[in-house]
Amino acid sequence: MSDTHAQTVPYVRETMLPQQEPPSSQVGAVKWMRENLFNGAISTVLTLLSLAAILFFGYELLPWLANSVWNASSLSECRQILDGATGACWAVIRVNWLQLMFGFYPPELYWRPILAFVMLAVAVAPVLFPSAPRQLLGFSVVYPFIAVWLLWGGPIWGVTVAAMGFVLGYVALRALTSRGLLIQTIAAVAVALIWWLFLAGPVADVLSSALPLAIEPVPSREFGGFMISVVIGVAGIALSLPLGILFALGRQSTMPIIKWISVTFIEFIRGVPLITLLFTASLLLNYFLPPGTNFDLILRVIIMVTLFATAYMAEVIRGGLAALPRGQYEAADALGLDYWKAQRLIIMPQALKISIPGIVNTFIGLFKDTTLVVFIGILDPIGRASAIRATSDWQGVYWELFIFIGAVFWVFCFGMSRYSMHLERRLKTDHR
Amino acid sequence: MKKSVFLGTLATAALVAGYASATTLEDVQARGSLNCGVSTGVNGFSAPDANGVWQGFDVAVCRAVAAAVLGDPMAVNFVPTTGQTRFTALASGEIDILARNTTWTFSRDTDLGFTFVGVNYYDGQGFMVNRELGVSSATELDGATVCIQTGTTTELNLADYFRINNMSYEPVPIETNAEAQQQYLAGACDVYTTDASGLAATRASFEAPGDHVILPEIISKEPLGPLVRQGDDQWADIARWTLNALIAAEELGVTSSNLEQMAAGTNNPEINRLLGGEGDLGAMIGLDAQWAMHAIAAGGNYGEIFAATIGEATPIGLARGLNAQWTQGGLLYTPPFR
């Protein structure tokens, strides 16, 4: 401090004032509430209404949840335990837990679907996460055959000869490299088809009699519960993406027949409700096929669900293709890449990245649509829940079962949704 | 793409393996199990228990037929069918017999090409109301709101009944029995109408069953019975006479507890014929002599099955009513075993 102003001003403050507390209305919870909850008349009214709603549901639901009964063998026993109070009877889930998970699958064989689902996690890891070891991709390729064998059982040779078809097709593809792509493809498909249609059956029989390596077969009708949802959902998801890509490309093709087939397929399937396709699968096919034919119902359902999802997937991917600037196609041409190389290296990586939200959207929709199979008499979780409610012990239970089923579906769908967001962030290469 | 081809192969393999055109009996015997269509769940009639084993009144018919044909009541593949899929499943051969509380009607028997082999439960449509309404007869229901399952015969019966009695009603359409319970308990409708057996089963599940009354009027005939495809008379005979054997066993006093003793021989020739001690009734329908004995051993006679699944000792608590033997004032009357 100097004396400079000593004559001109009578008093000069020599120390800084300590900082004052901000006014109480501008700080902490009060400020946050003023800004976010009571910011104007409309906001205040909405806040009060929301609070009232939350309190109401809390008041109604909390006693119900707090009084949950977990140990009872029937609804009437639940009611006895509750003794007039309202309360959730979660015992219905506890008692029927295995039924809701596996349906009628033989209890002593539960290890097979469990093992199949554990292996599923291993098989999808290299596809979903780049940090997983690449060698696992080989396992991902053979996994579908292992899963089919584990779930349905029977001799191992059935799936082995089915897999052999692919190997033979691939061998044909390699052997004819010099003949051009068209002949290669036709030959590969022809070899595989001939194998499957005429040779696979007898070869499997011979192998089975020579070396009977079999596990107990489980017919499709014993599948049920969440197991069937996951089986149909995973198969549909795994098949609809590649098929959807093919149909999306087919629709953009310059070859008229391929284009027409793709357009017809997509527009026909998209124009028909899924439930119609399921009824076709379960009812009409029975009339078309020769009497006595035993065409596996779950297989029919998987095919129909896949076709349905494929049509949607094709349009989602077409959207991604349409969003690519024309320059990308021209750049691929300028580099001298042929059609498939251009698609694989330049077009598809970008188009698929753009389509991720739409693709996952279709996946989630497909997974939830699997509950529609209840209308053709397959006891999926919803169907199994109805069957549980049809027993004398549990007739009258309603919310607990549906809340449980909804929660399980939510976990699956939320997981898919979070993964897709993670994937979008990981693949983000632009600088917008 | 690749996997779909693979699945297609499986399908083709299944197709090729599936060709067979023997009689239903030969098919069932070759397969070693009976494919029986049941409902996806109707309390007391067919529903899987907590261990996944099917139980119920309709299920017992399947087990009896399996026991008669194969000697093993557990050799049954139960195929759950919905109201929409049941007839196709039977017509296409996916199931051998349908025991799914199905009403025997003219058009189903003739036009749809099925053969009803008998009636295992005489049902009829009834009404349930809250006791507080103070209604004691269906004729007092003028102007009521009625919960009714859409697309069923009950819907048509209801319209007929109210028109005949010159009353009006307001329908509340619902899809399933479970939904109906919720709607009715929530007060969305004054009256719930469906088959009387269903009403009893539904009321049994309420928290306070005594607050609800089932009105005495039964407004329709609903004879429920198992059915088979038309055109295989031998198979229809087997199913028909298996059901008759259960009914006859009750009439003749053959129960699961005295079955062994009766089979050793009695002084009643009809019992002896039924249980295979005299005559060769089994051979006439292509089965062994003990076919009826196996069928009765599966779950007891008709009365025992009724008591164990839907009778008065069960939570459903149905009285025999029309389903008593003709000697007891009911409608059960089997042709003689001769």
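This is a predicted model: local features need pLDDT of at least 70, side-chain atom pairs count only at pLDDT 80 or more; totals for chains, interfaces and linings use all residues.
## Helix crossing in chain A

Helix H4 (residues 91–102) of chain A and helix H15 (residues 381–389) of chain A have axes that come within 11 Å and cross at roughly 130 degrees. Because of that angle, H4(A) is oblique to H15(A), and the crossing of the two helices is right-handed.

On the side of H4(A), the contact is formed by Val92(A), Asn96(A), Gln99(A) and Leu100(A), which meet Pro381(A), Arg384(A) and Ile388(A) of H15(A). Sorted by class, the residues in this contact are four nonpolar, two polar and one charged.

Strand S11 (residues 191–195) of chain B has five of its five residues buried, so the strand is largely enclosed by the rest of the structure.

## Thr102 of chain B

Thr102(B) has its place in strand S5 (residues 97–103) of chain B. This residue counts as buried because 24 C-beta neighbours lie inside 10 Å, where the cut-off for burial is 20 or more.

Leaving aside residues up to four places away in sequence, Thr102(B) touches Arg86(B), Leu224(B) and Leu227(B). The C-alpha atom of Thr102(B) is separated by 19 Å from that of Leu246(B), and these two residues are 144 residues apart along the chain.

## Two loop residues with positive phi

Most residues other than glycine have a negative phi. Asp83(A), although not a glycine, has a positive phi of about 55 degrees; Asp83(A) lies in the loop between helix H3 (75–82) and H4 of chain A. With 8 other C-beta atoms within 10 Å, Asp83(A) is exposed.

In chain B, Asn166(B) is likewise a residue other than glycine with a positive phi, here near 55 degrees, and Asn166(B) is found in the loop between helix H6 (153–164) and strand S10 (169–174) of chain B. Asn166(B) counts as exposed because 8 C-beta neighbours lie inside 10 Å, the cut-off for exposure being 12 or fewer.

Conventions: Residues are numbered from 1 along each chain as its sequence is written. Chains are lettered from A and ligands numbered from 1 in the order in which they are written. Axes are lines fitted to C-alpha atoms, for helices over the stretch in contact, and angles run from 0 to 180 degrees between N-to-C directions. Helices (H or I, at least four residues) and strands (E, at least two) are DSSP runs, numbered from the N terminus. Angles under 35 degrees count as roughly parallel, over 145 as roughly antiparallel, 65 to 115 as roughly perpendicular and the rest as oblique. A crossing is left-handed if the near helix is turned anticlockwise from the far one by less than a right angle, and right-handed if clockwise. Two residues are in contact if their C-beta atoms, placed from the backbone, lie within 7 Å. Ala, Val, Leu, Ile, Met, Phe, Trp, Tyr, Cys and Pro count as nonpolar, Asp, Glu, Lys and Arg as charged, and the others, Gly among them, as polar.
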